[in-house]
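The following note was prepared for a colleague who has the coordinates at hand.

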Amino acid sequence: MTSYFNIIYAKYVFQNEFFIANINIDRTKPNIEFIGIDSIKPSSSNAQKTYEVSMKTKFTDQNFKNIFLDKEHIKVKQDGEYISNFDIEFNKIEDKKNEKTYEIKLKNLEVNEKFKIEIVEGTLIDEGGLENELFEVDVYLEIDNFEEEDYYELEESEEYEDEEEYNEEYEENKLLLFTV
């Protein structure tokens, strides 16, 4: 007896590539860089002494979505309390793909010698939903608005017995020069 065996097999390989999406993973928060304060100008309005502060800031990120430059996102703080009676103006100075430079003017600020400008979280938002961190700038004003009657000068004709007596009186008068 003879037997016949037929073995038939087939091997098929299917290979398909599907382009579903281009995924960019952004793990970098938007950054704020303080360039500097251009000017601090006193301006008298009503009976109050107010100031105009002009500063430059650079915002950097690869995928900007929103930039909010308003009173909710830029705040002024003095002695632990927020000041809300001021105006904000801003001008875009430079606009590159990954960085934007702005001049921010805070007008009609009623502040004393030391205050803080805050750019709060959420001022810059990128495409991935990441927000900037709190950014603070400490500002110190040199206030030289004393009246002429506050000056006290030593007359040259006064004579002192020793240098120590002169120095003591000079130091007392020096303090009067800086009172406001």
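How many aromatic pairs does the count come to? The model is a predicted one, and the count comes to 2 aromatic pairs.

1. The pair of Phe 59 and Tyr 102. These two rings form a tilted pair, with 5.6 Å from centre to centre and 40° between the planes. Phe 59 belongs to strand β2 and Tyr 102 to strand β7, so the pair ties together parts that are 43 residues apart in sequence. Both Phe 59 and Tyr 102 are buried.

2. The pair of Phe 90 and Tyr 102. Here the ring centres are 6.0 Å apart and the planes stand at 65°, so this pair is edge-to-face; the cut-off for that class is an angle over 60 degrees. Phe 90 lies in strand β6 (residues 87-95) and Tyr 102 in strand β7, so parts 12 residues apart in sequence are tied together by the pair.

3. Burial within the cluster. Phe 59, Phe 90 and Tyr 102 form one aromatic cluster. Tyr 102, by contrast, counts as buried because its relative accessibility is 6%.

4. Charges over rings. The charged end of Lys 71 sits over the ring of Phe 86, at 5.3 Å from the ring centre. In a second case, the charged end of Lys 75 sits over the ring of Tyr 82, at 5.2 Å from the centre.

5. The nonpolar core. The largest nonpolar core holds 24 residues, and the members that touch the most others are Val 76, Leu 106, Leu 109, Val 111, Phe 115 and Ile 117. Two or more residues are given to this core by each of β2 (48-60), β4 (74-78), β7 (99-109), β8 (114-119) and β10 (135-140). In soluble globular proteins, nonpolar side chains tend to be buried together.

6. The surroundings of Val 76. With residues up to four places away in sequence left out, Val 76 touches Glu 81, Tyr 82, Ile 83, Phe 86, Leu 106, Leu 109, Val 111, Phe 115 and Lys 116.

7. The overall fold. The protein has 10 strands and 1 helix, in the order β-β-β-β-β-β-β-β-β-β-α from the N terminus on. Of the contacts with a separation of 6 or more, 60% are between residues 24 or more positions apart.

8. Burial and surface. Of the 180 residues in the protein, 26% are buried. The accessible surface comes to about 14,300 Å², and carbon and sulfur atoms account for 44% of that surface.

How values were computed
Residues are numbered from 1 along each chain as its sequence is written. This is a predicted model: local features need pLDDT of at least 70, side-chain atom pairs count only at pLDDT 80 or more; totals for chains, interfaces and linings use all residues. Side-chain values use heavy atoms; hydrogens and water are left out. A nonpolar core is a set of buried Ala, Val, Leu, Ile, Met, Phe, Trp, Tyr and Cys residues joined through side-chain atoms within 4.5 Å. Buried means under 20% relative accessible area, exposed over 50%, partly exposed in between (1.4 Å probe, protein chains only). Helices (H or I, at least four residues) and strands (E, at least two) are DSSP runs, numbered from the N terminus. Contact means heavy atoms within 4.5 Å. Accessible areas come from the Shrake-Rupley method with a 1.4 Å probe; for residues, only the protein chains shown count as cover. Rings of Phe, Tyr and Trp (its six-membered ring) pair if their centres lie within 6.5 Å; planes under 30 degrees apart count as stacked, over 60 as edge-to-face and the rest as tilted. A charge sits over a ring if NZ of Lys or CZ of Arg is within 6 Å of the ring centre and within 35 degrees of the ring normal.
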